[in-house]
Amino acid sequence: MSDRATTSARRRTLHILLSLQSLSIVLVSVNRLSDLTLGFVAPNEFLRWVDLNNMVLGLVTVLLTYLTYQHLLASTDRRGAARRSLGLTFVVGAYLYATSYGSHEITNYLHGRFCPDTPDDLCRIVAFNDDEFSHYLFFAGFLLLNLVVLLAQVTAPDRDRLSIVDWVLLTANALFVGAGVVANLAFEQIGLDLYVVAAVAVLSVILLWRQRLQPILYYYVVAFVLGLLVTAILKLT
């Protein structure tokens, strides 16, 4: 296979992975907003479909992140401590991310169904796991997983020129992520999530400034910086 064909195939794979990530964002939104997923999974009513679907979509996100970071590293033969560190960081991030979903979806269901206004100790513990502990785990995992993808691009920079189609597809997929950022920040109470998103945005800007025209770095800058800017406009108007 020629160098041009190899580059074209590599870019096509990257766009497919990012498009699947965009699709997962759409499915998360539909799952959260649709009344079709509010039914119970089983007769014992242990979970609703919305809760179980979120766990499955969380797994999809981790798998797509893994495939993306491995795809970025596939273009280089570099081995050693840096690559092993990225692998270990991904494992830790995936564990924290998965644990957060397991904690949040279950306690969120119990909190909303049995403890909406109940102040007893059991409900207080359920509420803490739902609203705080699971969020700490999620943001830690989120940061580490995105850090792995960003540093994978830095470790294995793209040496080939991006076409206009590449820029359009990267921008389009980044807009889906940006819309997700706006949906979570502009229309809900802002907390730790603002600082986490801002940290990813700042890091992506710094990395893109140091290594210009890298596809994943550009994708992150458009997604997170634009998401923050739109959020700020909506909050201030």
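Colleague: Where is Glu45 found?

Modeller: In this predicted model, Glu45 is found in the loop between helix H1, which covers 3-33, and helix H2, which covers 49-73.

Colleague: And what is phi of Glu45?

Modeller: Phi of Glu45 is near 60°, which is a positive value in a residue other than glycine. As background, most residues other than glycine have a negative phi.

Colleague: Is Glu45 buried, exposed or partly exposed?

Modeller: Glu45 has a relative accessible area of 28%, and because buried means under 20% and exposed over 50%, Glu45 counts as partly exposed.

Colleague: What about Leu213, where does that one sit?

Modeller: Leu213 lies in the loop that runs between helix H6 (192-210) and helix H7 (215-236). Although Leu213 is not a glycine, its phi is positive, at about 65°.

Colleague: Is Leu213 buried or exposed?

Modeller: Leu213 is exposed, since its relative accessibility comes to 58% and the cut-off for exposed is over 50%.

Colleague: Switching to the cysteines, how many disulfides does the structure hold?

Modeller: The structure holds 1 disulfide, and it joins Cys115 to Cys123 with an S to S distance of 2.1 Å.

Colleague: Is the link of Cys115 and Cys123 left-handed or right-handed?

Modeller: The link of Cys115 and Cys123 is left-handed, with an angle of -65° about the S-S bond.

Colleague: And are those two, Cys115 and Cys123, buried or exposed?

Modeller: Cys115 is buried, and Cys123 is buried as well.

Definitions and conventions. Residues are numbered from 1 along each chain as its sequence is written. This is a predicted model: local features need pLDDT of at least 70, side-chain atom pairs count only at pLDDT 80 or more; totals for chains, interfaces and linings use all residues. Side-chain values use heavy atoms; hydrogens and water are left out. A disulfide is a pair of cysteine sulfur atoms within 2.5 Å. Buried means under 20% relative accessible area, exposed over 50%, partly exposed in between (1.4 Å probe, protein chains only). Helices (H or I, at least four residues) and strands (E, at least two) are DSSP runs, numbered from the N terminus.
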